[in-house]
Amino acid sequence: MITATTRRFLASLLILIGSLYRNKRTRKFTLIPLVVIGLGFLVPQKMIIPVKGATAKDWDDHSFWAYPWGSSVTHKGIDIFKRKGTDVISSTYGIVLYTYEGGKGGKTVMVLGPKWRFHYYAHLDEVDAFPFQPVASGTKLGTVGNSGNAIGKPPHLHYTITTPFPYWWLRDPEVIQGNRKMFYLDPDTWLRK
């Protein structure tokens with residue numbers, strides 16, 4: 001039901017809290033991770049479109065949670081179409097958690113941004129970021145491509161925003177995989193602000 005990134009994040013958080021609590025000398029620090037998480041929600045988030053020169057006309061605003069969508073069943077992000085090699089930039093400030101090559105996303109970058117949101121950039125042609133790199137809004141992460149399961153399709157950036165903390169009100173039992181929807185935020189909503 002939850003994303004793999006959410007599962008890893010929450011497992012790491014629970015291990016950290018458990019480790020602090022288990023030792024009598026560090027038990028007093030147990031609440032620090034929870035305070036840090038609370039403060040993370042207070043950090044303001046200002047977003048920009050993550051493809052240089054792109055506008056809202058470069059993606060279909062109805063593609064989020066579109067069904068059917070290949071082996072993913074539903075489309076959990078938006079595809080921003082631009083010429084291959086166009087710069088993919090960070091939509092917000094944050095820290096690069098990982099870069100990866102393989103699987104459905106092909107060449108990918110994951111950035112942890114404000115409000116504990118994970119920003120996933122997929123199908124890149126080139127990756128110009130590295131793990132634990134701090135990024136500002138507009139920092140180049142790579143270039144638009146068609147790697148992974150986008151081979152043979154027009155070049156585009158698949159952009160997804162996920163959260164490790166469920167937004168219960170987004171759950172939609174009326175749609176396919178609607179229970180998972182509480183962990184995904186529609187990028188179109190944030191990019192049009």
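The structure is a predicted model, in which local features need pLDDT of at least 70 and side-chain atom pairs count only at pLDDT 80 or more, while totals for chains, interfaces and linings use all residues. Residues are numbered from 1 along each chain as its sequence is written, and side-chain values use heavy atoms, with hydrogens and water left out.

His 123 is found in strand β5, where helices (H or I, at least four residues) and strands (E, at least two) are DSSP runs numbered from the N terminus. The relative accessible area of His 123 is 6%, and the residue is buried (buried, under 20% relative accessible area; exposed, over 50%; partly exposed, in between; 1.4 Å probe, protein chains only). Leaving aside neighbours within four places in sequence, residues in contact with His 123 include Lys 104, Asn 149, His 156 and His 158 (contact, heavy atoms within 4.5 Å).

Thr 5, Thr 6, Phe 9, Leu 13, Ile 17 and Leu 20 of α1 are buried. Seen down the helix axis, the buried residues of α1 fall within an arc of 105°, so they line one face (arc, that of the directions from the helix axis to the C-beta atoms). The face turned away from the buried side carries the exposed residues Leu 14, Ile 15 and Arg 22. Elements covering the buried residues of α1 include α2 (32-42), β3 (94-101), β4 (107-113) and β5 (117-127).

Strands β3 and β4 run antiparallel and are joined by six bridges (strands pair if DSSP finds at least two bridges between them). Ile 95 has Leu 112 as its bridge partner in β4 and Pro 134 as its bridge partner in β6.

The largest nonpolar core has 28 residues (a set of buried Ala, Val, Leu, Ile, Met, Phe, Trp, Tyr and Cys residues joined through side-chain atoms within 4.5 Å). Strand β8 gives the most to this core, with three residues. Apart from it lies another core, of nine residues, among them Ile 17, Ile 37, Phe 118 and Phe 165.
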